[in-house]
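Here's a quick briefing to read with the model open beside you.

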Amino acid sequence: MATTELEPADLARTMSWHRARLLMIVSSLTGFGIIMVYSASALRAARGGWEMSYASNQLLWLAVAITALVTLSLIPYRVWLHLRYPMVLACYTPLALVLTPLGTRVNGSNRWFRFAGFNVQPSELAKIALIIAVAAFLARIPDGRPRFFRHVIPLCALAGVAVVLVGIEPDFGTASLIGCAVGVLLLAGGVRIWQCLLLVTPAVPAAAWYGYSRFEYIARRVHEWHAGDAYHTNASELAIGSGGLWGVGLGQGPAKLDYLPEAHTDFIFAMVGQETGLIGALSLVALFAILVWQGMAIARSAQDRFGSLLAFGFTAVMGGQVIFNMEVVTGLLPPKGISLPFVSFGGSGLVVFYSMIGIMVSVTRGVRLEPEPVTDLTMKYKPIPAFKAETLESVQ
């Protein structure tokens, strides 16, 4: 029996367990992340005067993130169903403005707004807005079966504009992540695989060719990575390999001294491998795997289609970013700056991921104890294809 067939009271209890486990996992990841940020940044921060400066900054952002989580968890998630058009605007506007003089240009990229000494990355905010908008449009398809010309092409165009704007910054890593997450969400929402392939097959090679030919640093990174000469990759692999089984101890990793760039941000997983060893690295991977599993459980147990798609979309973003980061750190992908959720140093990313968790918590709180009269077919829950119990039973 599918979880969605439980009685309302039983479903409410199930959701409360999902909510508790989700918050416990996120708290564990965040706590470990702050420890690792301090360990990886203390010596670097001490050169500027105070060894706790990075960790204290992360704690300040954590307070903002917790506030966002609590606030969004108290807002009924069905409200976002009616805000799909404002969400599209909230996605596009910052991504377009950051390309103007209002954005801050760093190392040839326009990716940040700078306010009162803080950097805000609009591509992070776009992850939330775009997932909400796509999930809302999918949820309002009456029979849950998207039509190619009426639904699939417009939704792909909606996501494509955001991906292009992020790519122009340029930030091909985040653009790829957003594209993959939306693609997975579309498949979960009922879009056929052949429909996605028909649109993605020409788009991916074209985007890869454009980035490779237009930006010299991308071509250089790919060549160096393929030849085994990529400095970031070699330094990261050396750090992970030197940790052995149990690691050299928290705060004792030498990689952060000189040879591992961005040890407290994009390559913090390499520091985890060096200081806590294979055991610590695998434990962190296990925590992220449980987080993804818990997100899928919430998606499957959601009382309506919109809540299910929201939880699935946010889980896809978080899980996808973890995979991207770890593949870069371990040398499976060319070097690319992309943070590790809840663990890497970075304020806007932490707030965004906590906001996603807040909306997922709202989904777990949205169980109606009284049956709802089915007056609007667009709100009637239809299990998304990835979670159909019949499929699982047929395999068994």
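Cys156 comes out as partly exposed because its relative accessibility is 22%, where partly exposed sits between buried (under 20% relative accessible area) and exposed (over 50%), using a 1.4 Å probe and protein chains only. Keep in mind that this is a predicted model, where local features need pLDDT of at least 70, side-chain atom pairs count only at pLDDT 80 or more, and totals for chains, interfaces and linings use all residues. Residues are numbered from 1 along each chain as its sequence is written, and side-chain values use heavy atoms, with hydrogens and water left out.

**Cysteines**

- There are 0 disulfides in the structure, a disulfide being a pair of cysteine sulfur atoms within 2.5 Å.
- Cys156 takes part in no disulfide, and the nearest cysteine sulfur belongs to Cys196, 5.6 Å away.
- Cys91 has 2% relative accessibility, so it counts as buried.

**Helices α1 and α10**

- Helices here are DSSP runs of H or I with at least four residues, strands are E runs of at least two, and both are numbered from the N terminus.
- Helix α1 (residues 8-46) and helix α10 (residues 268-301) have axes that come within 10 Å and cross at roughly 160°; the axes are lines fitted to C-alpha atoms over the stretch in contact, with angles from 0 to 180 degrees between N-to-C directions.
- That makes α1 roughly antiparallel to α10, a label for angles over 145 degrees.
- The α1 and α10 crossing is left-handed, meaning that the near helix is turned anticlockwise from the far one by less than a right angle.
- Val272 is part of α10, and its 0% relative accessibility is why it counts as buried.
- Val272 and Gly33 are 239 residues apart in sequence, yet their C-alpha atoms are 9.6 Å apart in space.

**Helix α4**

- Helix α4 (residues 122-139) has 18 residues and spans 26 Å from first C-alpha to last, close to the 26 Å expected at 1.5 Å a residue; the expected span is 1.5 Å times one less than the number of residues.
- Of the 18 residues of α4, 16 are buried, so the rest of the structure largely encloses this helix.

**The sheet**

- Three strands form an open sheet in the order β1-β2-β3, with antiparallel pairing; two strands pair if DSSP finds at least two bridges between them.
- At the edges are β1 (104-106) and β3 (118-120), each pairing on one side only.
- Neighbouring strands of this sheet are turned by 50° against each other on average, direction ignored.
- Strand β2 (residues 109-115) pairs with β3 in the antiparallel sense over 3 bridges.
- Arg114 stands opposite Asn119 in β3.

How values were computed:
Parallel < 35°, antiparallel > 145°, perpendicular 65-115°, else oblique.
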